[in-house]
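I opened this notebook page to record what I looked up on one helix and on the charged pairs.

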Amino acid sequence: MARVVHSYDDPERFVAGTVGEPGARTFFLQARAGHRLTSVACEKEQVMALAERLDVMLDEVARRFDRDPVPPTGSDDTAPLEQPIEEEFRAGTMTLAWEADAERVVIEVFAVVAVDPAELEEEADPVTAAMESDDAEVFVVRITEEQARAFARRAVALVASGRPSCPFCGRPIDADGHICPRANGYRRHLPE
């Protein structure tokens with residue numbers, strides 16, 4: 001089976017968003033160009049890592065090319081994900097690169113690949129064999145520095161808008177509190 005590539009060069013919109021209530025949210029990366037819309041499910045930690053690495057990479061690009069970092073322009077995109085949200089696949093490995101000639105950030109998101117354990121035993125390097133499956137879907141987005149900075153800002157705000165963390169143990173607190181290991185099993189609530 002051939003690899004399915006969802007490719008977007010300079011999409012009109014590339015954002016991270018969620019569906020559901022804090023504590024039960026599903027995170028998505030979504031790109032739109034014209035009538036094409038692609039949504040890829042991912043983990044909160046993947047969204048946060050992508051945002052952090054984008055900022056680090058763009059700061060390094062500015063340093064290496066001896067120029068000021070490019071800030072996001074215009075107003076922040078705070079609109080919800082576009083409908084219909086149809087999950088193409090669940091994100092696994094992500095790569096991030098800088099195309100110097102085109103001055104574009106390239107983000108590649110590869111699908112989680114289910115591999116038969118018996119097939120992996122035959123390979124010299126089972127981890128690499130699983131990651132390099134030819135039939136895995138991939139989501140490729142090429143965006144400007146401004147779009148990348150705006151994506152990162154939105155992603156950080158999105159992750160921060162979830163459940164608050166317990167000041168004692170650092171675990172997330174649900175609306176009805178949580179059993180805090182540092183409180184000897186008593187239910188802790190945030191002060192109102």
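The entries below take the helix, then the salt bridges.

**Entry 1. Basis.** I worked from a predicted model, in which local features need pLDDT of at least 70 and side-chain atom pairs count only at pLDDT 80 or more, while totals for chains, interfaces and linings use all residues. Residues are numbered from 1 along each chain as its sequence is written, and side-chain values use heavy atoms, with hydrogens and water left out.

**Entry 2. Length of H1.** I took helices (H or I, at least four residues) and strands (E, at least two) as DSSP runs numbered from the N terminus. H1 covers residues 44-64, and its 21 residues should span 30 Å at 1.5 Å a residue; the expected span is 1.5 Å times one less than the number of residues. I found the end C-alpha atoms 30 Å apart, which agrees. After H1 comes Asp66, with a positive phi near 50°.

Entry 3. I counted a residue as buried under 20% relative accessible area, exposed over 50% and partly exposed in between (1.4 Å probe, protein chains only). Which residues of H1 are buried? I listed Gln46, Val47, Leu50, Ala51, Leu54, Met57, Leu58, Val61 and Ala62. They cover an arc of only 135° around the axis, which puts them on the same side of H1; the arc is that of the directions from the helix axis to the C-beta atoms. Glu45, Arg53, Arg63 and Arg64 are exposed on the other side.

**Entry 4. Packing.** I looked up the partners of the buried residues of H1, with contact meaning heavy atoms within 4.5 Å. These residues pack against strands E2 (13-19), E3 (26-33), E4 (36-42), E5 (87-99) and E6 (104-111), and against helix H4 (145-160).

**Entry 5. Salt bridges.** I found 15 salt bridges in the structure, each a side-chain nitrogen of Lys or Arg within 4 Å of a carboxyl oxygen of Asp or Glu. One of them joins Glu43 and Arg90 (3.3 Å, N to O). Glu43 lies in the loop between E4 and H1 and Arg90 in strand E5, so this pair ties together parts 47 residues apart in sequence. Glu43 is partly exposed at 41% relative accessibility, and Arg90 is partly exposed at 33%.

**Entry 6. Arg149.** The side chain of Arg149 meets that of Asp55 (3.0 Å, N to O) in a salt bridge. This pair links helix H4 to helix H1 across 94 residues. Arg149 also forms a salt bridge with Asp59 (2.7 Å, N to O), 90 residues apart. I noted Arg149 as buried at 10%, Asp55 as partly exposed at 27% and Asp59 as partly exposed at 40%.
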